[in-house]
Amino acid sequence: MQRAMVLLVVLTLVLGSVGVAALALLADDRDPGAPTAAPTTTPAPGATEAPDAALAPFYGQRLTWETCRGGDLCSVLEVPLDYRRPRGETIELALLKVPAADPDRRLGSIVVNPGGPGAPGTDYAASASSVFRQPVLDVYDVVGFDPRGTGSSAPVDCLSDDELDSYVAQDPDPDTDAETATYGDWVDRLGRGCAERSGDLAAHVTTVEAARDIDVLRAALGESALTYYGASYGTKLGATYADLFPDRVGRLVLDGAVDLSIASRELSLQQAEGFETALRAYAGACVDDGDCFLGDTVDAAVARIRQLLDRVDVAPLPTDSDRDLEVGNAFYGIVLPLYSPDFWGALGAGLRAAIDGDGTLLLQFSDLYVSRGREGYTDNSAEAIYAINCLDDPWSIPPGEVPANLADFERASPTFGSVFAWGLTNCGGMQVESSEPPREVRAAGADPIVVVGTTRDPATPYQWAVHLAEQLESGVLVSRDGDGHTGYNVGNDCVDDAVEGYLLDGAVPDDGLTC
């Protein structure tokens, strides 16, 4: 459920009447060009040396950048598939750089990750003008990478496109024996498919390995320390990096933080509550505007949305394509616009159309959530999120134990709780084991790490940021009172000043700053 803000950038395009085909704007249209100069930063002595002699060939790489996507720069980074066997098989990671707008004042590179897990970081960097404000764009090269197993970096493959369509569309809240059997079958098929279609790669897409890749990237960029902005799951990746390489931590900002201290069930329970909070906030705004098409009260409006989901479960809605809006699509189509109040109007349009019998808009939003274009999937994020999450934490429950969990989840989220309860079974089909043991992340000895939390964030509830800032020995909490996912560059000057003061000048915000 942790999705990148880059999705919201693309959603803007969708609402601009160009349709889901707008996703093609983010496709790689690389045009070879002359390599650019080497990085202009001068690393401190020893800063780019490998932590292990066997990794020296990787840490000694020098990147060759070529023009791509109409003016950005692209390259590739070679890393070992298995860090325990660095002389074995290797993979290549896709990179994209947006150079600093004012090179005379350039501070270095800022590496970015949009979350997911599974969202391509190259797309996020290509959207740098929407992610960052101009002061950051002026002085930093914004560098994105597709983490291993995602995007164009040795992507994991678990299902065919047709199978993935069926998987996404299925009822995420089975309420009949037949639906329950279908759900369980997909759990098994997904896990089996990753192992069969991805081979050895399937066991090597952990967050720990991706964090090790970041340090190779840091060295290849010629940076003594890592400057990093991670959103959503990108906070887990950044915190893991800080724990592995505390002496290489520079200015890290972790926005929309993930709590790394609690178990999967509690994470899911709190996330269900977060999306219910966001739904009710949307419903409240609709009611407050007057003449809300969903009802006269928040409770009535939320109940109307639940009724719509139940209706689609019984009879899928037609769309302007050859695919109907099925209940799984309807769920994702409602969830996506909840990530930002900027898109509550889009949600209203989709709901109103669906109530009138047209599922086109909600299907478009669902497709956007799973990176599906008109002609098929534009990346593998829907499969990568499964592979990465279930390698990091393979815990699950059998379907027979879901009923015992329903009461807690439906109390947390009357609208979505049962979906999250059934999600507790998802890793049950995983057939490979992680190559990396779990870590207790503390990042002892790291420079200050700024953690940003938003009080009504649906995807990464606010308490997760509080807890992550406490877990990190040098964590500094910045809180935004508001709606939506993540807190930087969404209209709050206090948060923006705190983040940019740190990134630009190294000014550490006051721990506990409330904006």
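Keep in mind that this is a predicted model.

**Exercise 1.** Work out where serine 153 is found and whether serine 153 is buried or exposed.

*Solution.* Start with the chain: serine 153 sits in the loop between β5 (140-145) and α6 (161-169). Next, check the accessibility. Buried means under 20% relative accessible area, and serine 153 has 0%, so it's buried. Now look around it: leaving aside neighbours within four places in sequence, serine 153 is in contact with Glu92, Leu93, Ala94, Asp146, Pro147 and Arg148. Finally, zoom in on alanine 94, whose backbone nitrogen is 2.8 Å from a polar atom of the serine 153 side chain.

**Exercise 2.** Find out which parts the salt bridge between arginine 133 and glutamate 500 ties together.

*Solution.* First, the pair itself: the two side chains meet at 2.7 Å, N to O. Then place each partner. Arginine 133 is in the loop between α4 (128-131) and α5 (134-139), while glutamate 500 belongs to helix α19 (residues 493-505), so the bridge joins parts 367 residues apart in sequence. Arginine 133 is partly exposed at 26%, whereas glutamate 500 is buried at 6%. Last, widen the view: Arg133, Asp496, Asp497 and Glu500 form a linked network of salt bridges.

Methods:
Residues are numbered from 1 along each chain as its sequence is written. This is a predicted model: local features need pLDDT of at least 70, side-chain atom pairs count only at pLDDT 80 or more; totals for chains, interfaces and linings use all residues. Side-chain values use heavy atoms; hydrogens and water are left out. Helices (H or I, at least four residues) and strands (E, at least two) are DSSP runs, numbered from the N terminus. Buried means under 20% relative accessible area, exposed over 50%, partly exposed in between (1.4 Å probe, protein chains only). A polar contact is a pair of N or O atoms within 3.5 Å; within protein, one must be able to donate a hydrogen and the other to accept it, and residues adjacent in sequence count only if both atoms are side-chain atoms. Contact means heavy atoms within 4.5 Å. A salt bridge is a side-chain nitrogen of Lys or Arg within 4 Å of a carboxyl oxygen of Asp or Glu.
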